[in-house]
Amino acid sequence: MSTLLSARRTPHLLLVGALLAVALIVALPQIVSAQPPPPAVFFGSTADITVDGGAWDGSTIQIIDQDGDVIGQAIINGGSWSAEIMPGVDSVRFRVGSAVSQSFAVVPGSVSNVVLTIGGAGGASVSLLSGFNFLVWRGATMSVSDGLASFPNMSNLSAIFEFSSGSQTWSSYRPGLPAGVQGISELRAGGAYFFLVTVSMTWEMPTGGDGTGTQTIVAGFTAIGWVGPYGDAQDVLDAVANTGAVAVFFRFNASTQSYESFRPGLPPAVQGITTISQYDVFFFSASPSTSITQ
């Protein structure tokens, strides 16, 4: 009797064993795919590192992500350096002080030998006051993350705003939000931007962009970054093709957090804007459309 039961159980046990084996085989790719991808590794010789055109002095080399946030620092070992970037980061740059390198794409599992060139393009000291500040972007056109790589402290930047003359609406960039919901993806050479910061600071803004040329002033409002020389308000108006189209232009005063104005035809004594500075930002109200050349 026991022999008969054993014989009957054997096919059953074999079937169960086979099913378990199949289940393990089916589950194996899922187990393997659940493993996190390997990090990307960057490395190079410390003798090849330059900072602002000179030899690296041994200062800490920070690693910053696509949002400009510090995610670590390079490891120095004798005459070499290395940086291990974990998955989840799209690109990195390397920073020493306010000088930053080019952007490097992060490919999980890749190992890249890099000659590290940090800075070298120079920068302009720009003072920002707590609150809103209208700035002209002085660098070449680049992604927002690259442009903000030298920003002193991203936690003190609440938002960047840009006015679209075509739609007569504002777009924004807010640090920490996904790229898919950002309204500003790049900073344009000569473009005008509202920076909202929580504390006063000095920023070594990248330079090298060319904002000269002719820009359209639409019927409605247009923000124009002035890259011309210092002078007076009439110099701005004289740069407009059809001065009769300009009803008024405004300039934001970061100290008072309010607008000043210049209205063509009114006497100087009642004008809010008299002298102008290079890299002022002006808001034109015009009809019909015209243009300005700097």
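**View 1. Pro-175 and its contacts in the predicted model.** Leaving aside neighbours within four places in sequence, Pro-175 is in contact with Met-154, Leu-157, Ser-158 and Ala-159. Contact means heavy atoms within 4.5 Å. Pro-175 and Ala-159 are 16 residues apart along the chain, and their C-alpha atoms are separated by 6.8 Å. Pro-175 lies in the loop between β17 (169-173) and β18 (186-187). Strands here are DSSP runs of E, at least two residues, and helices are runs of H or I, at least four residues; both are numbered from the N terminus. Buried means under 20% relative accessible area, exposed means over 50%, and partly exposed falls in between (1.4 Å probe, protein chains only).

This is a predicted model: local features need pLDDT of at least 70, side-chain atom pairs count only at pLDDT 80 or more, and totals for chains, interfaces and linings use all residues. Residues are numbered from 1 along each chain as its sequence is written, and side-chain values use heavy atoms, with hydrogens and water left out.

**View 2. The largest nonpolar core.** A nonpolar core is a set of buried Ala, Val, Leu, Ile, Met, Phe, Trp, Tyr and Cys residues joined through side-chain atoms within 4.5 Å. The largest core has 21 residues. Which of them touch the most other members? They are Phe-42, Ile-61, Trp-81, Val-92, Phe-94, Leu-116 and Ile-118. Strands β1 (40-45), β7 (80-85) and β8 (91-96) each supply at least two residues of this core. Another core, of 19 residues, lies apart from it; Val-144, Leu-148, Val-197 and Trp-203 are among its members.

**View 3. The surroundings of Ile-61.** Residues up to four places away in sequence are not counted here. Ile-61 touches Ile-49, Trp-56, Gly-72, Gln-73 and Ala-74, among others. Its list also includes Phe-94, Arg-95, Val-96, Leu-116 and Ile-118.

**View 4. An open sheet of three strands.** The order is β3-β2-β12, and the pairing is mixed. Two strands pair if DSSP finds at least two bridges between them. β3 (54-55) and β12 (117-118) stand at the edges with a single partner strand each, so one side of each is left without a neighbour in the sheet. Strand β2 (residues 50-51) pairs with β3 in the antiparallel sense over two bridges. Which residue of β3 is the bridge partner of Val-51? That partner is Gly-54.
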